[in-house]
Amino acid sequence: MTKSEVLQILGKPYKREVYGENEFLIYETNYFAKHEKEKYTPIFFKNGKIVGWGRNYYDDAIKSKIEADININSK
C-alpha cells in the first residue's frame with residue numbers, strides 16, 4: 001500500500017517523523033490505553049510504500065538512527 005492510499009483511508013496522522021529513508025506516519029488508535037506508547041500506531045514507509053507497522057518497527061528505526069548518530073559523532 002502506498003503512503004497516498006494510507007492518507008486517503010486514515011486521514012491526517014497525529015504525527016509524522018522521518019529518519020533518513022525511514023518515514024513514519026503515527027496515528028492515535030487507542031484512546032483508552034493506560035500508557036502513552038500504547039495509544040499510537042506507527043506506520044513505517046520506505047520509498048513511499050508500507051514496510052510494516054507497530055511499535056517494533058518504530059523502535060528499531062529509532063535505535064538505528066541513534067547508533068548512526070553516535071558513529072558519526074565519534075569519528
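Trainee: At 9% relative accessibility, does Glu17 count as buried or exposed, and how should I read that value?

Mentor: Please bear in mind that this is a predicted model. The general idea is a cut-off: a residue under 20% relative accessible area is buried, and one over 50% is exposed. With a relative accessibility of 9%, Glu17 therefore counts as buried.

Trainee: Which residue does the side chain of Glu17 meet in a salt bridge?

Mentor: A salt bridge is assigned when a side-chain nitrogen of Lys or Arg lies within 4 Å of a carboxyl oxygen of Asp or Glu. In this case the partner is Lys15, with an N to O distance of 3.2 Å. Lys15 has a relative accessible area of 41% and is partly exposed, whereas Glu17 is buried.

Trainee: How many salt bridges does the rule give here?

Mentor: The count is 4 salt bridges. Among them is the pair Arg16 and Glu23, whose closest N and O atoms are 2.6 Å apart. Glu23 is buried, at 12% relative accessibility.

Trainee: Which residues are linked with Glu23 in a network of salt bridges?

Mentor: The network links Glu23 with Lys3 and Arg16.

Trainee: What separates Arg55 and Asp59 along helix H2?

Mentor: The two residues are 4 apart in helix H2, which spans residues 55-73, so about one helical turn lies between them. Arg55 and Asp59 form a salt bridge, and their closest N and O atoms are 3.3 Å apart. Both ends can also be read by accessibility: Arg55 is partly exposed at 29%, and Asp59 is partly exposed with a relative accessible area of 30%.

Trainee: What do the totals for the chain say about burial, surface and contacts?

Mentor: Each total is read separately. Of the 75 residues, 28% count as buried. The chain exposes about 5,700 Å², of which carbon and sulfur atoms supply 51%. As for contacts between residues at least 6 apart in sequence, 27% join residues at least 24 apart.

Terms used
Residues numbered from 1 in each chain as written. Predicted model: local features only at pLDDT ≥ 70, side-chain atom pairs only at ≥ 80, totals over all residues. Heavy atoms only, no water. Buried < 20%, exposed > 50% of the residue type's maximum accessible area, 1.4 Å probe, protein only. Contact = heavy atoms within 4.5 Å. Areas by Shrake-Rupley, 256 points an atom, 1.4 Å probe, with all protein chains shown as cover.
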